[in-house]
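Here is a short report on one model. Take a look at the structure, then read on.

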Amino acid sequence: MSRDENVMELNKPLEAKVGGFGYSAAAVANVVVSVIASIIISACALEYGSDGYIYVSYIAAQIGILLAVILTMRLQHAPFRKVFPVRCSPKYFIIGALIIFGLMFSLSWVNSWFISLFEGMGYVPRESTSYYPTLTGGLIVPALLVIAVLPAICEEAMFRGVLFNSLNDSVGSIPAIFIVGFCFSLFHGSPEQTVYQFIAGCLFAFIAMRSGSILPSVMMHFLNNAVIIILAACNCFDDAGELIISGTGNVILMCISAACLVAGILWLVLDRHKNRVKSATRSKSAAQFFIYAAIGIIIMLVIWLLVLFGVS
């Protein structure tokens, strides 16, 4: 392909069906790799909550997403540089750090509130320790690679790469941010974390839009998971998964983190960088996305409900 053809390809808006296809592909791949992971777990007699069980589960999930990204790129003929832009100003990494610090420590109560709400409906949350493998000594390194690095790369490639950039070009920036937040939260199949993940997914998409790059959201995703792993390794959580901290310390932490969250969001809102809010290019683009994403949405909604009612 000549240089002029490359430029034309990069300037051509992505269609909404690219993101819709990607989401459905990710959901189907999630089911397939989960079945394969279950077979491996059974064949190796891995006990629930054991290190082997946890690692196989995490790795399988990310492999499924990565395969869906590759399949979408090939079948939808999406240009790599258009879907995965990386160049951006360093200031967005500072903004991202402020926002993720604010999210983690000023909005953590959201999960606790929803756990209490769903428990009244019969929901039984997983024990916090079942999320982590052994973290003592050097064993924190593979945990960080599998639970922090892999999701930061694979999930951001799908949600802030394939989904957001196709929706940003087709339905406009504001709808794209909220649709990606919805798809991101639903995909995780965790009822008590749905609202928190929706907010996080929207903010990750917002910074991707302003920066014109997926790297700030990759960093934010990594920091979110890595900090949790490091705190768990330092025994900073109680049995309920709550941070062990005094009442006064908790108030101070929440105030500082809330200030960081507000500052980061305002910085993005008032940002005068060239990447502006886009308007929709076609009136039927949103419908096109949901038509192609319907299979994925149905699959992930069923999984979400199964988890809620303790079937899965």
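Predicted model: local features only at pLDDT ≥ 70, side-chain atom pairs only at ≥ 80, totals over all residues.

## Cysteines

Distance explains two of the cysteines. A disulfide needs two cysteine sulfur atoms within 2.5 Å. The closest cysteine sulfur to that of C154 belongs to C183 and is 18 Å away, so the pair is too far apart for a bond. C202 also has C183 as the residue with its closest cysteine sulfur; that gap is 10 Å, again too far for a bond.

Are these two residues buried or exposed? C154 is buried, at a relative accessible area of 5%. C202 is buried too, at 8%.

## A176 in helix α8

Helix α8 covers residues 173-187 and includes A176. A176 is buried, with a relative accessible area of 0%. Beyond its neighbours within four places in sequence, A176 contacts F164, L167, N168 and V171.

## Helix α3

Helix α3 runs over residues 51-75, 25 residues in total. From first C-alpha to last it reaches 36 Å, close to the 36 Å expected at 1.5 Å a residue.

Which residues of α3 are buried? Among them are I54, Y55, A60, Q62 and G64. I65, A68, V69, T72 and M73 are buried as well. The cover over the buried residues of α3 includes α2 (16-43), α4 (80-83), α7 (140-170) and α8.

Just after α3 comes H77, with a positive phi of about 55°.

Definitions and conventions: Residues numbered from 1 in each chain as written. Heavy atoms only, no water. Buried < 20%, exposed > 50% of the residue type's maximum accessible area, 1.4 Å probe, protein only. Helix = DSSP H or I, 4+ residues; strand = E, 2+ residues; numbered from the N terminus. Contact = heavy atoms within 4.5 Å. Expected span 1.5 Å × (residues − 1).
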